[in-house]
Amino acid sequence: MSSLIACLFLLISGFIDLHAPVSQSDSLQIQLDTTTIPQQKASVLLTLARTQQESNPQLAIQHYEEVLLLAQEMGDNNLIVSTYNEIGAAWYFDGDLQNSMKYYFMALDGLKDIESNYSQFCKIYNNIAWNFQKQKDFIRALDYYNMSEEYCRRSSQSAYVAHILNNKGVVYKDLKQYDKALSLLQQSLEINRQNEDIKKELFNINNIGVIYLELGNYKEADQYFLEALRSNMERNDHYEATHNMTNLGQSYYLQGRYKEAEDTLKHALKLSEVNRSTDQKHEALDYLYQVKREQKDYKEALTYYTQYHALEDSLYKHGQYTDLIELEAKYKVAQKERVIQESNNQLLKQRYLNTMFLSALIFALLLIGVLIWIYSTKKRNERKLISLNKEIDAQNEKIQSINHNLEQTINKRTKQIQEQNNQLREFAFMNSHNIRRPLSNVLGLLALLEDENDPEKIKELVFLANQTASEMDQIIQDVNIQLKEGEL
């Protein structure tokens, strides 16, 4: 174990000497100087700020404020909200929880509770919870972590869920509920391994080691710390490596291995100075003071104690906690006022919609009434039309019947007339012969009378003429009788 630790310290020394984040910053600065497109400039500034957030939070805040101005110029509300959140995190790393919380609540104010914002709610509530956790207000911390977890799960982003489970595990560790803490950390570790997120996986490993440390299982705790330390050094993550070394140094201290504890904590102190992390430096000085006090090196212990308390004023004092509660209260009041205002607006909107709905309903009823009237009128007219059509059809049938009967009558009469005409022709023909014969006889007798002088002959001829005239008269009377009886 000691040879492994020596190798790790050697690597750390080289790691400190070769530490050169400046090259990345220089590269980003060159990109920043050469770009004029607002979106690209904002992206480069964000990357630059994130690389400096832990080591130089004040410089990171300056970059974030530039991003904020660009976002406001572009009218990009999502970027504004996310930048507020980033500034809040930078103020946390600078040890100013009041400003940190201020920006977190500003970020919340800019969000609406819609699906596209769930991941933002997840991150912001997590950061607020972390601030309360640092102030040891674990109840408030858990409340915000639970809200964060809800939004993380609703956003369907397992990496965020794993992060929240890790943080909740740390809270339960602080509450000494170690079984619950280990369960949450193991869940987080499993998700991070599935996602192949080595950075978050090492968070889990380090925190599991802390639980075993508090349980007094130092051997297992050291294994977790060394595993995390080795991987973080390979990844050049000196910030997390500092946490691992500090926890390892604390374990050695509790085991009474003061020399190993001192060496480990001094390397952690050097790394914290490279990281420019006041929080890490504060923790390393605290344990070094305790180690030197146990070694009875009171002079050096006093030196570490003086440095520790010099940093105490810049870290999370009780006054800041009061400010955090006040900020939270102000935010909740503002949120309630906003909810009331939104409720009033919603009520007015609902009234307007109700009025519109009622108007639409009345119009619809009137329209339905008109349509029913039109339909009933149409049906009534159709019934009348059908009745008239039936009457017309009946009249047509009657006319057709009359026409048919008339046609039959005309045909019958025509036939009768034709027959009568034929009879008349025949009658005329017959009577002309019947009348002509006696008439011719009369005329013949009259002619003889003109030439006859003999009285006896004349008397005979007159007699014959009268007889013939009577015959002709009888024929004429027969014709009159026939005409009266309608035979012709």
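Two exercises with worked solutions follow.

The model is predicted, so local features need pLDDT of at least 70 and side-chain atom pairs count only at pLDDT 80 or more, while totals for chains, interfaces and linings use all residues. Residues are numbered from 1 along each chain as its sequence is written, and side-chain values use heavy atoms, with hydrogens and water left out.

**Exercise 1.** Describe the protein chain by its helices and strands, and by how many of its residues count as buried.

Solution. Begin with the helices (DSSP runs of H or I, at least four residues) and the strands (runs of E, at least two), which are numbered from the N terminus: the protein chain has 18 helices and 0 strands. Next, take burial, where buried means under 20% relative accessible area, exposed over 50% and partly exposed in between, with a 1.4 Å probe and protein chains only; of the 488 residues of the protein chain, 38% count as buried.

**Exercise 2.** Find which cysteines the disulfide joins, and explain which parts of the chain the pair ties together.

Solution. Apply the criterion first: a disulfide is a pair of cysteine sulfur atoms within 2.5 Å, and the structure holds 1 disulfide. This link joins cysteine 122 to cysteine 152, with an S to S distance of 1.8 Å, and, at 60° about the S-S bond, the link is right-handed. Because cysteine 122 lies in helix 7 (residues 118-134) and cysteine 152 in helix 8 (residues 138-154), the pair ties together parts that are 30 residues apart in sequence. Finally, check burial at both ends: cysteine 122 is buried, with a relative accessible area of 2%, and cysteine 152 is buried, with a value of 0%.
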